[in-house]
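Please find below a colleague's note on this structure, arranged as numbered points.

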Amino acid sequence: MACLAALTALAAGATGCTVRPAGADGEDRSPVRIEIPSRTPSPSASRTPDDGRNASPSGAPSTRRAPRVLWSPGDSGRDIRELQARLRQVAWIFHGPTGTYDDLTAKAVRGFQGKRGLPRTGVTDSVTWQRLLAMTREPGKWELYLMGGQPADAPDPRCTSGRVLCISKSSRTLRWMIDGRTVSTMPVRFGSEYTPTREGVFRVYWKSRHHVSTLYDSPMPYAMFFSGGQAVHFSADFAARGYAGASHGCVNVRDEEAIARLYGQVRNGDKVVVHW
């Protein structure tokens, strides 16, 4: 009964009890010896077979959810422009932004991921995007459209009749219009604050296919002069640097094929409207 009572009292901690005989001197001794385990488990008792490294708190194997994919090759749109603009800020991409997730964009994403110990997938997932956001700033409009591609704004009312080169400083675009209909649209670049492009209504007074500036000694192919030395013409610098540069007052076009077609259609005397 003494052993049973002791076990009842110490059920949570006792590992056993034994009955001991009386001593050699005949004196009675306590017939029960209680063995209580140590409060600190041994290291071997506390470990799971895999040392606990692959188990969740509940004992089940842990599963890590893959980050959500945001954009991948073939996608297009404004978000891709922002991705490309931010990659330009950290010198992982040098073309565009184009708004299309092309091979060069995927290569830049892989490089960015590998440099930061992320899986080199070339796909922009939520982890990659958050890392890029932390390292860059919000790109401005003309960073998103550094190399063109922006939508043209509405034509100026002075452009709605006749044959007109309708040039908007607000959207940085040129519309070639005939009787109110837009024939073609292309991005253009203007002069800097020190050499501004003049605004107003003008006429094309001279065309020069292989023109070279006598003032700046620079090529001005497909030049269509409308105000003094200011002309609409192709610019290799605009094609290479986009809106990172400026002209000396002329209206630059970066698409050589587009301005070649335009040059073939425009006539001396056609109207030119430069507006905001």
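1. M177 stands opposite T182, a residue of β7. This pair belongs to a predicted model, as do all the features described in this note. Strand β6, residues 173-178, is joined to strand β7, residues 181-189, by 6 bridges, and the two run antiparallel. Between the strands of this hairpin there are 2 residues, and D179 takes a positive phi near 55 degrees.

2. Strand β7 also pairs with strand β12, which covers residues 251-253. Their pairing is antiparallel and has 2 bridges. One point to locate is V188, whose bridge partner in β12 is V253.

3. A second hairpin deserves attention. Strand β9 (residues 206-212) and strand β10 (residues 219-227) run antiparallel and are joined by 6 bridges. Within this pairing, S208 stands opposite A223 of β10. The hairpin of β9 and β10 has 6 residues between its strands, and D217 takes a positive phi near 55 degrees there.

4. These pairings may now be placed in their wider setting. In general, the strands of a sheet pair through backbone hydrogen bonds, either parallel or antiparallel. Here, 9 strands form an open sheet with mixed pairing, and their order is β8-β13-β5-β6-β7-β12-β11-β10-β9. Which strands stand at the edges? They are β8 (200-203) and β9; each has a single partner strand, so one side of each is left without a neighbour in the sheet. On average, and with direction ignored, neighbouring strands of this sheet are turned by 30 degrees against each other.

5. Helix α8, residues 256-265, lies across β5 (163-168), β6, β7, β9, β10, β11 (230-234) and β12.

6. Helix α3 comprises residues 78-89 and helix α4 residues 103-115; their axes lie 11 Å apart, and the helices pack at an angle of about 50 degrees. The two helices are therefore oblique to each other. Their crossing is left-handed. On the α3 side, L83, Q84 and L87 meet T105, A108, V109 and F112 of α4. Sorted by class, this contact of α3 with α4 has 5 nonpolar residues, 2 polar residues and no charged residues.

7. Helix α3 has a further contact, with helix α5 (residues 126-135). The axes of α3 and α5 come within 10 Å and cross at roughly 55 degrees, which makes α3 oblique to α5. The crossing of α3 past α5 is left-handed. Which residues of α3 meet α5? They are E82, L83, R86 and L87, and their counterparts in α5 are W129, L132 and L133. By class, the contact of α3 with α5 has 5 nonpolar, no polar and 2 charged residues. The student may wish to find L83 and L87 in the model: these residues of α3 meet α4, and they also meet α5.

8. The final point concerns a covalent link. A disulfide is a covalent bond between the sulfur atoms of two cysteines. How many disulfides does the structure hold? It holds 1, formed by C159 and C166, whose sulfur atoms are 2.2 Å apart. The link of C159 and C166 is right-handed, with 80 degrees about the S-S bond.

Notes:
Residues numbered from 1 in each chain as written. Predicted model: local features only at pLDDT ≥ 70, side-chain atom pairs only at ≥ 80, totals over all residues. Heavy atoms only, no water. Pairing = 2+ DSSP bridges. Helix = DSSP H or I, 4+ residues; strand = E, 2+ residues; numbered from the N terminus. Axes fitted to C-alpha atoms, helices over the stretch in contact; angles between N-to-C directions. Parallel < 35°, antiparallel > 145°, perpendicular 65-115°, else oblique. Left-handed = near helix turned anticlockwise from the far one by under 90°. Contact = heavy atoms within 4.5 Å. Nonpolar A, V, L, I, M, F, W, Y, C, P; charged D, E, K, R; others polar. Disulfide = S-S within 2.5 Å.
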